[in-house]
Amino acid sequence: MASRLSERYLFMGNLEEGDVSLTIRQVEESDSGIYGCRVDVPGWFNDHKHQQTLTVVAARPNPLKVETREVKERTVTVQWTPVFDGGSPITSYWIDLKYKQAPWDSAVRTVVSNPDLTQLTLVDLRPAKTYILRMFAINIMGISEPSNVLTVTTKEAAPEGPPLGMQLEPLTSHSIKVTWNPPRPDLRNGVLRSYSISYREYDSNVRQFKRWQHLSVTATREVESVILTHLKPSSMYGILIQAKTYAGIGPASTAPLCSTLDEVHKTSTPSTKSSTSSAATRIQDDTSSTAPHTTSAEEAVTAATVWEEGTTSTTLVSPDPPLVELKEVKGSTISLLWTPGFEGDSPITGYYLEYKAVNASWDYTKTVVDFSPDQTEATIIEINPSTYNIRMFAKNSVGTSRASNILTITTGETGHQSHDDLTTISTDTHAAASVEKGQSGSKLAAIVLPVVLVVLIVAIVTAWQLRREYSLTV
């Protein structure tokens, strides 16, 4: 073989035995045409020539094979390999996502218009939930059969809601009973494992709280209770309760301060243990706990000494943040690209993206998506259309960069380009004025053009009537 147009063209068979054929793999519509075969036979004009016309009729693409690449608390990243396109290029993909028990009719369908993609991330999912996902490939001939069905369970997260119905009841001069219910089921974000109870005494003389004390209670039932003991008589206590999953601890529920009963004169009284209800859980307070956010003078001196010693050593530099840009928003699909910054004193090992609702805090409600160090583009699908903030970080072996610029993006509206949805700290007012001016000009043209046409028609009709009258008069 001297040359060939494409790697898809192969000669199959045994050429020496005269049994050979041309095979075209992954046939395309552009392969249609006239194919010739010439057999060289010794002698003049002995060659054999044959021609065959090939007409390729395109079909629907083959179904995709989808795989799970990464699963986190609120995100799922899937990937797939390109398939035979049926002889006509793939133009887009469909992604269906639903809860495990829901019918496919209720699935959220997202159209991905970039046919070159082989990976994407679905964000804003619920923690500890099971989702079902499938995909379709589309070309001009139609829609492929559905892909394999993926069943994905997101990881647990810390509870988003506090325990409910917290009640405080003083039992004696040294004990208080605390009763509560679990957080709302949709805010538990997994299986509740335990509760953290924090309490501290309020000193009315100096008008400040004393140190926190803590204890833990295993989550076992819908109505939980615990008795705090070894408290001071006639004293006020502040109490907090937080629910825990394996992923972390949730927000605290609070109640008004509760006071223990007044001290009773020493008499022959039964032991506190014998009067404890069997329905309540009695746990001793943790006397070894320390007050949060306190630093002794000795610790301060030690820290200062370490700082002085550290000034003589070389400080390694973490990377600079990347510059994030919005490439496109179409419906619920967000396409991003970013430019890496200075890598610091160590090569960049990856990037991660933080994603939250525009009115939420970065410190609590956010979604994190990780990317490889050689990746500079990504496509994510927002399941719940709304307005969101996005920022990115770069990381290396030294540490993590500062946060990048923040993008504010609104999803769920069709046909958006980057200048329609992107809001940054600095805004281009000149561009906005140009757009508004262009819109005003188009409106004016829409009004003037019909008026001119009407005037022109009236003038033509009037001229024709005058000419006719003149001809009749002559």
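The largest cavity in this structure has a volume of about 30 Å³. Keep in mind that you're looking at a predicted model. Below is a quick tour of that cavity, the nonpolar cores and a set of paired strands.

**The cavity**
- Searching the whole structure turns up 1 cavity of 30 Å³ or more.
- Val76, Leu97, Leu125, Tyr131, Leu133 and Val152 line the largest cavity.
- That lining is made up of 6 nonpolar residues, with no polar and no charged ones.

**The nonpolar cores**
- The largest nonpolar core has 23 residues, and those with the most contacts inside it include Val78, Trp80, Tyr93 and Leu133.
- At least two residues of this core come from each of these strands: S5 (66-71), S6 (76-80), S7 (92-99), S9 (119-123), S10 (130-139) and S12 (150-153).
- S10 gives the largest share of this core, with 4 residues.
- Leaving aside residues up to four places away in sequence, Tyr93 touches a whole list of residues, among them Leu64, Trp80, Pro115, Met135 and Phe136.
- There's also a second, separate core of 21 residues, including Leu336, Ile390, Ala394 and Ile409.

**Strand S19 and its partners**
- S19 (residues 236-245) pairs with S15 (residues 194-203) in the antiparallel sense, over 9 bridges; Ser194, for instance, has Lys244 in S19 as its bridge partner.
- S19 and S20 (residues 248-254) run antiparallel too, joined by 5 bridges, and a hairpin links the two through 2 residues.
- Leu240 has Thr254 in S20 as its bridge partner.
- S21 (residues 258-259) is antiparallel to S19 and joined to it by 2 bridges; here Tyr237 has Cys258 as its bridge partner.

Conventions:
Residues are numbered from 1 along each chain as its sequence is written. This is a predicted model: local features need pLDDT of at least 70, side-chain atom pairs count only at pLDDT 80 or more; totals for chains, interfaces and linings use all residues. Side-chain values use heavy atoms; hydrogens and water are left out. On a 1 Å grid over the protein atoms alone, a cavity is a set of points where a 1.4 Å probe fits but cannot get out, and a pocket is an open set with protein on both sides within 12 Å along at least five of seven lines; lining residues have an atom within 4 Å of a point. Grid points are joined across faces, edges and corners, and a volume is the space filled by probe spheres set on the points. Ala, Val, Leu, Ile, Met, Phe, Trp, Tyr, Cys and Pro count as nonpolar, Asp, Glu, Lys and Arg as charged, and the others, Gly among them, as polar. A nonpolar core is a set of buried Ala, Val, Leu, Ile, Met, Phe, Trp, Tyr and Cys residues joined through side-chain atoms within 4.5 Å. Buried means under 20% relative accessible area, exposed over 50%, partly exposed in between (1.4 Å probe, protein chains only). Contact means heavy atoms within 4.5 Å. Two strands pair if DSSP finds at least two bridges between them.
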